[in-house]
Amino acid sequence: MRDDDAEAAASAPPPRRTPSRARIRTVVAGALLLPILAGVGFAACGDEAPDAGPPPDAHRAEAPARPSPTPSWDRSPDSLAAVGDSITRAFDACSLLADCPGASWATGTDPEIDSLAARLLDDPAKRSWNFAESGALMADLPDQMERAARKAPELVTVMAGGNDACRPTVDAMTPVADFRAQLRRALRVLRREAPGTQVYVASVPNLRRLWSEGRKNPLGRRIWDLGICQSMLRDPQATGRAATQRRSLVHTRVLAYNRVLEEVCATDEKCRYDGGAVFGFRFTEEELSRWDWFHPSREGQRELAELAYRRITAP
């Protein structure tokens with residue numbers, strides 16, 4: 001990075017392209033819900049009863065990593081494609097058991113969300129595309145990336161990996177080596193089809209934080225019992241050794257996934273990792289969907305857009 005006055009002069013994000021993009025923040029409330037969603041929760045640091053915990057090196061990695069500098073980074077791309085899972089599809093953000101792409105943090109058109117596309121692009125309706133799929137795993141990312149590459153976007157956003165940890169059982173979580181290989185393959189697909197495209201990679205949300213926040217609500221606990229993210233959320237009130245160890249294993253796997261995201265992104269000069277911003281965001285119940293207490297609410301989507309905008313427009 002540059003020093004002294006040169007760095008100070010470049011530190012401020014570029015102004016948004018139209019004044020109308022500063023919008024009102026709102027929170028939507030809802031009720032009820034049902035089971036089987038294939039998605040992922042939101043982000044931040046964990047609060048849990050004392051336990052054996054992950055190994056010392058995993059605790060050290062829990063702090064957001066310092067983003068590495070990216071050469072020749074365009075802070076004002078004019079087109080954007082999004083890949084990933086149900087978070088980017090804004091599942092359960094507007095209605096029960098349904099995608100709500102208009103509220104997506106990445107490409108949404110809802111003015112109250114103030115999506116990344118709305119902040120960056122002059123014509124987001126024509127110059128942004130959402131190829132994310134609810135329930136997607138990292139293994140699905142190469143196919144999504146291939147579809148995104150056909151649009152030749154100047155920026156691709158990636159938010160994936162939550163479903164790889166959020167499985168019916170701990171044993172069903174995606175092995176770290178497979179996770180790494182799948183992400184590398186996705187980037188190779190993009191580079192083959194669109195070598196100049198920039199990539200923003202968001203960290204995997206902190207599922208243990210999700211458990212810690214959602215378990216406070218009786219409705220949320222009943223909803224989770226229907227089958228959501230059982231590797232982390234099964235028996236949410238249990239704090240015995242077995243339950244604590246299970247949650248610790250999931251948490252450690254999320255930390256490992258985030259290390260992979262950072263390391264693989266660092267091998268590509270046109271890739272920026274979020275530095276652990278999504279993982280480290282201390283969300284509350286307001287940022288969780290009232291239909292499942294698992295996915296981001298509209299307020300949560302707005303916060304994700306803000307986190308991405310800060311990183312993408314940083315010098």
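Trp-293 is buried, at 4% relative accessible area (buried means under 20%, exposed over 50% and partly exposed in between, with a 1.4 Å probe and protein chains only). The model is predicted, so that local features need pLDDT of at least 70 and side-chain atom pairs count only at pLDDT 80 or more, while totals for chains, interfaces and linings use all residues. Residues are numbered from 1 along each chain as its sequence is written, and side-chain values use heavy atoms, without hydrogens and water.

Although not a glycine, Trp-293 has a positive phi of about 50 degrees. Most residues other than glycine have a negative phi. Cys-229, in the loop between helix 9 (218-224) and helix 10 (230-233), also is not a glycine and has a positive phi, of about 45 degrees. Cys-229 counts as buried at 6% relative accessibility.

Ser-104 occupies the loop between strand 1 (80-84) and helix 3 (116-120) and is buried, with a relative accessible area of 0%. Beyond its neighbours within four places in sequence, Ser-104 contacts Thr-88, Ala-90, Ile-113, Ser-115, Asn-130 and Gln-301 (contact means heavy atoms within 4.5 Å). The Ser-104 side chain reaches the backbone nitrogen of Thr-107 at 3.5 Å.

Definitions and conventions: Helix = DSSP H or I, 4+ residues; strand = E, 2+ residues; numbered from the N terminus. Polar contact = N/O pair within 3.5 Å; in protein donor to acceptor, adjacent residues only side chain to side chain.
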